[in-house]
Amino acid sequence: MKKILLPTDFSKASERAIHYALALFNDTACEFTLLNTYTTTTEPEIAMYVLDGLKVNAEYLMAKFLNELKKFDNEKFHTFKTEYMPVSAASAIEILNQTHNYDLVVLGASGSGNNLLFGSVATDVVRNVSANTLVVPTNSVIAPLKNVVMAVDYNQVSDLKVFDNLKDLLARKDAQLTLLTVLKDHQSADELDGLAKYKYHNYFNDIKVNDYYIKNSDVEKGIKEFLDIHRADMLVMVSRHHSFLDVIFNRSVTRKFAYHPSVPLLSIYDEVAAPFINEAEIVTF
């Protein structure tokens with residue numbers, strides 16, 4: 001049974017993400033945990049009373065939301081739990097994930113906002129939480145998953161098993177996987193690590209896989225260029241957690257896509273610590 005965490009603030013964005021997740025796992029036994037978080041900036045002397053009121057309100061809204069949700073999803077192999085925590089969403093997700101080790105966290109992204117440095121809940125989770133995260137734009141169409149694109153730079157991952165859940169999803173949906181590599185102007189596909197490419201293809205040997213190369217000096221722009229001219233139902237990227245300076249200089253491509261995703265973004269967490277990176281040489285995911 002898959003364990004899926006569904007944070008919600010009862011907004012249209014989170015509702016859309018939850019509906020998307022239920023449809024994505026309509027053929028799989030799942031335990032869905034609905035999470036609502038709440039905080040207050042009230043003085044400590046009265047914060048306890050305010051938080052109690054916020055929890056009562058959250059429980060009321062959750063009961064209504066869950067009742068409507070079960071009308072949308074009546075799969076007998078889907079079960080639902082609820083959690084309420086008086087902390088930030090990213091903190092709550094990290095705390096719960098340490099205990100429950102979720103297969104996936106699914107978040108909605110409204111696409112609003114104009115300051116990547118301060119980010120959003122989605123970027124906060126992608127950067128700080130040790131879990132695979134699916135970020136779903138509000139305008140995402142709930143349709144069969146057929147074309148999945150994974151941006152690859154063939155840098156070392158801790159183990160190809162980090163892709164186990166993705167491989168399972170591709171097999172269940174009979175979806176095609178495109179391994180997209182953004183080459184710099186002076187690069188050619190022949191210069192890539194041939195052994196790493198072989199390992200990826202060998203790992204996904206039961207999946208329909210093809211390679212695609214596009215040239216662009218900017219990785220983010222290269223990926224967007226591909227998405228503009230090819231149908232993609234989902235974009236997959238490996239998330240390597242970076243230092244605060246990486247955030248200041250916006251060097252994490254995954255974080256940028258999580259802030260304003262044009263298609264559902266699956267961020268796969270890898271425990272490999274990112275080495276020091278010269279931004280002039282490489283742009284990290």
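How much of the accessible surface of the protein chain belongs to carbon and sulfur atoms? Here are my notes, with that one settled in the opening point.

1. **The whole chain.** Keep in mind as you read that this is a predicted model. The accessible surface of the protein chain is about 14,300 Å², and 51% of that belongs to carbon and sulfur atoms. The chain has 285 residues, and 47% of them count as buried. If you go through its secondary structure, you get 9 helices and 10 strands.

2. **Who touches whom.** Take the contacts in the protein chain with a separation of 6 or more: 83% of them are between residues 24 or more positions apart. Thr33 gives you an example to look up on screen. Leaving out residues up to four places away in sequence, Thr33 touches Ile4, Leu5, Leu6, Lys81, Glu83 and Tyr102. You'll find Thr33 in strand β2, which covers residues 30–37. Is Thr33 buried or exposed? Its relative accessibility is 2%, and anything under 20% goes down as buried, so Thr33 counts as buried.

3. **Helix α4.** This helix runs over residues 121–128, and its buried residues include Ala122, Thr123, Val125 and Val126. Where do they sit around the axis? They cover an arc of only 165 degrees, so they end up on the same side of α4.

4. **Helix α6.** Now try residues 194–203, where Ala196, Lys197, Tyr200 and Tyr203 are buried. Looking down the axis of α6, you'd see the buried residues within an arc of 130 degrees, which means they line one face of the helix.

5. **Empty space inside.** A handy idea before you look: rolling a probe the size of a water molecule over the atoms shows where empty space is left. For this model the count is 3 cavities of 30 Å³ or more. The largest cavity holds about 150 Å³ of space.

6. By type, the lining divides into 9 nonpolar, 2 polar and 4 charged residues. Which elements supply at least two residues each? Those are β1 (2–7), α5 (164–173) and β10 (265–269). Of the elements, α5 gives the most to this lining, with 5 residues.

7. **Two residues with positive phi.** Phe10 has a positive phi of about 65 degrees, although it is not a glycine. Look for Phe10 in the loop between β1 and α1 (12–24). With 24% relative accessibility, Phe10 counts as partly exposed. Asp174 is not a glycine either, and its phi is positive at about 50 degrees. Asp174 lies in the loop between α5 and β7 (176–183). Its relative accessible area is 49%, so Asp174 is partly exposed; the cut-off for exposed is over 50%.

Definitions and conventions: Residues numbered from 1 in each chain as written. Predicted model: local features only at pLDDT ≥ 70, side-chain atom pairs only at ≥ 80, totals over all residues. Heavy atoms only, no water. Buried < 20%, exposed > 50% of the residue type's maximum accessible area, 1.4 Å probe, protein only. Helix = DSSP H or I, 4+ residues; strand = E, 2+ residues; numbered from the N terminus. Arc of directions from axis to C-beta. 1 Å grid on protein atoms, 1.4 Å probe; cavity = no way out; pocket = protein on both sides within 12 Å on 5 of 7 lines; lining within 4 Å. Points joined across faces, edges and corners; volume = space filled by probe spheres on them. Nonpolar A, V, L, I, M, F, W, Y, C, P; charged D, E, K, R; others polar. Contact = heavy atoms within 4.5 Å. Areas by Shrake-Rupley, 256 points an atom, 1.4 Å probe, with all protein chains shown as cover.
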